[in-house]
Amino acid sequence: MKKSFKHPIALEIVTALIFLAFLFPFFIVLINSAKDAFQITVDPLGMPQSWSQIAVNFGKIWSNTNIRYPQSFMSSIIITSLSLVAITVLSSQAAWVLVRTKTKLSNAIFLLFVAAMVIPFQIVMFPLLSWFRSIFMVTGIRLLRTYFGMILAYVGFGCSLSVFLYHGFIKSIPFELEEAAKIDGCSRFQTFYIIISPILRPIHATVVVLNGIWIWNDYLLPLLVLGVGNRIQTIPLAVANFAGAYVKQWDLIMTAILMAMIPIVVLFLAAQKHIIKGMVAGSIK
Amino acid sequence: MTDKQENRIVFWVFLTPILFAFLMVIIIPFFIGAFYSFTNWSSTARAGATLDFVGLTNFTESFRDPSFIYSFLLTLIYTVINMLAINVTAFLLAVFVTSKLKFKNIYRVGFFIPNLIGGLILGYIWQFIFNNAIPSLGDILPGLSFLGDPGNLVLGNRSSALMALVTVGTWQYAGYIMMIYVAALESVPAELHEAARIDGASNVERVRHITIPMIAQAFTITMFLTLVQSFKQFDVNVSLTAGGPSSMFMETPLLGTELLALNIYNTAFVRNRMAMAQAQAVIFFLVLIVISLVQVSINKKKEVEM
């Protein structure tokens, strides 16, 4: 290591090689998405004979009845975006009143949110299902296998970290700002939505990025709440469902993986500066 | 309406929606779960059916269940190796990409990309690499044809399959942890390094005596994140090995790479022992709290010493 510091060229080459090694699995996915069932079996490392096969495979995945790509993609978009809107709006307004209200109750509620951050998913997942089932039997409100239940679950699981992040940030906003707003005739509601929320923009970004990556990729929670073979399925569920039904049909599995990765990688490359900054800020807080 | 009244109304209006979701999804199920772990609850029981209180039976049975003990020990081993692998890799990468490299921003983005894609999908990619791509290396380099032997499959052997889980876990998470180290490294004042260089300190000495103590706080965070991440690993486990290959422990056949999260899931849905799985989840929760508290307090102590 000492030597490579003195010769940046050597370090440049070492880093470039590691970089290529990191991206190599994605390269494998790409070349194998352009092969047919026979070629992928006999030659998984070679370049494809004809790249046009990738279009054929795309078409097969697009119309496959297990993966139902267009519908699954839409479901993932709906679940992720609505959950993110709910988490940012509801957590930020809650954190704000928790910071600005100095009572024992307010403090206790905040501590409850913080304490809940250590609760692992495993301990609540089985009772959550039976609880949601009981709610349906008593009230008739369907929470399992519905968008509403899925989004409610994400808001519940995402809120404690989000409230904590907003709370830390709002503490640093001077109270004088709110007093000035009051003198100018703002109600408390207006003060939050007109004055405070825009100031929270950097922390909104952190909350959206951290929760967005988690929700988009999550597998276990949708598996439990939405179930298998449901009309509503997210992309990870669709891929798992497909890989289970088409065991060893690697040409199609690779294509499904490629199609699942493309949107998020494109989004990331478009906004990578903000995304990385948001994720790091979230961890250091 | 007085200010006080307005504040109280706004307090509850703003707080109630999130509190509702929080109670519905975390707090109520948490207590129901703690209660269920002391009963004979089963998946076929419906709401209103009688639950019998069975005391600590689910817990004592868990500690006699070979697959649970095995997964527990395996998860501890996996967690230690995975934490080390991720942190060493991430720290080295962070040192590299904060040096004067031409393409350092491109490298950072590249190292980060696996973190954007869910563990489930990453596991499938590597299953293909280990089961199909690596065995076919022999076709290109005849000297490696032994890799094509079914007995030499990486995922076919328990120890190498565990290492495969570590490989994928590291590949997935190192880029994120690297970013935290990068932020910490960039906050170390350059004058310190300058002064040490004038005093004749070597590169390695500077890393050891300046960089590492200066970023001690970052280690507390990265250790905590990787500890929790490794201990809770589920997605990669499902898609890469599905718990396999089969193995023997305490004279019982079981799954050789079934980590705790997957073991609890299988106990509930494959072995249909809901109450026992819930008790195991409670144990999982308590152990996770204890070891993460120990880790954070050790790191905090180190922060002060350095």
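**View 1. Helix 3 of chain B makes a right-handed crossing with helix 10 of chain B.** Here right-handed means that the near helix is turned clockwise from the far one by less than a right angle, and left-handed that it is turned anticlockwise. Helices are DSSP runs of H or I with at least four residues, numbered from the N terminus. This is a predicted model, where local features need pLDDT of at least 70 and side-chain atom pairs count only at pLDDT 80 or more, while totals for chains, interfaces and linings use all residues. Residues are numbered from 1 along each chain as its sequence is written, and chains are lettered from A in the order in which they are written. Helix 3 (residues 66-97) and helix 10 (residues 216-231) of chain B pack at about 140°, axes 9 Å apart (axes are lines fitted to C-alpha atoms over the stretch in contact, and angles run from 0 to 180 degrees between N-to-C directions). That makes the pair oblique, a word for whatever is left once angles under 35 degrees are called roughly parallel, over 145 roughly antiparallel and 65 to 115 roughly perpendicular. On helix 3 of chain B the contact includes B:Tyr78, B:Asn82 and B:Ile86, and on helix 10 of chain B it includes B:Met223 and B:Phe231 (contact means C-beta atoms, placed from the backbone, within 7 Å).

**View 2. Helix 5 of chain B packs against helix 7 of chain B.** Helix 5 (residues 119-133) and helix 7 (residues 158-186) of chain B sit at about 130°, with axes 10 Å apart. That angle makes them oblique, and their crossing is right-handed. B:Gly119, B:Leu122, B:Gly123, B:Trp126 and B:Phe130 from helix 5 of chain B meet B:Ala164, B:Val168 and B:Gln172 from helix 7 of chain B. Sorted by class, that gives five nonpolar, three polar and no charged residues.

**View 3. Over in chain A, helix 5 meets helix 11.** Helix 5 (residues 69-100) and helix 11 (residues 201-217) of chain A pack at about 145°, with axes 10 Å apart, and the crossing is right-handed. Among the residues involved are A:Ser83 and A:Ile87 of helix 5 of chain A, plus A:Asn211 and A:Trp216 of helix 11 of chain A. The contact has seven nonpolar, eight polar and no charged residues.

**View 4. Chain A touches chain B.** Here 68 residues of chain A are in contact with 72 residues of chain B. The chain A side has 54 nonpolar, ten polar and four charged residues.

Definitions and conventions. Helix = DSSP H or I, 4+ residues; strand = E, 2+ residues; numbered from the N terminus. Contact = placed C-beta atoms within 7 Å. Nonpolar A, V, L, I, M, F, W, Y, C, P; charged D, E, K, R; others polar.
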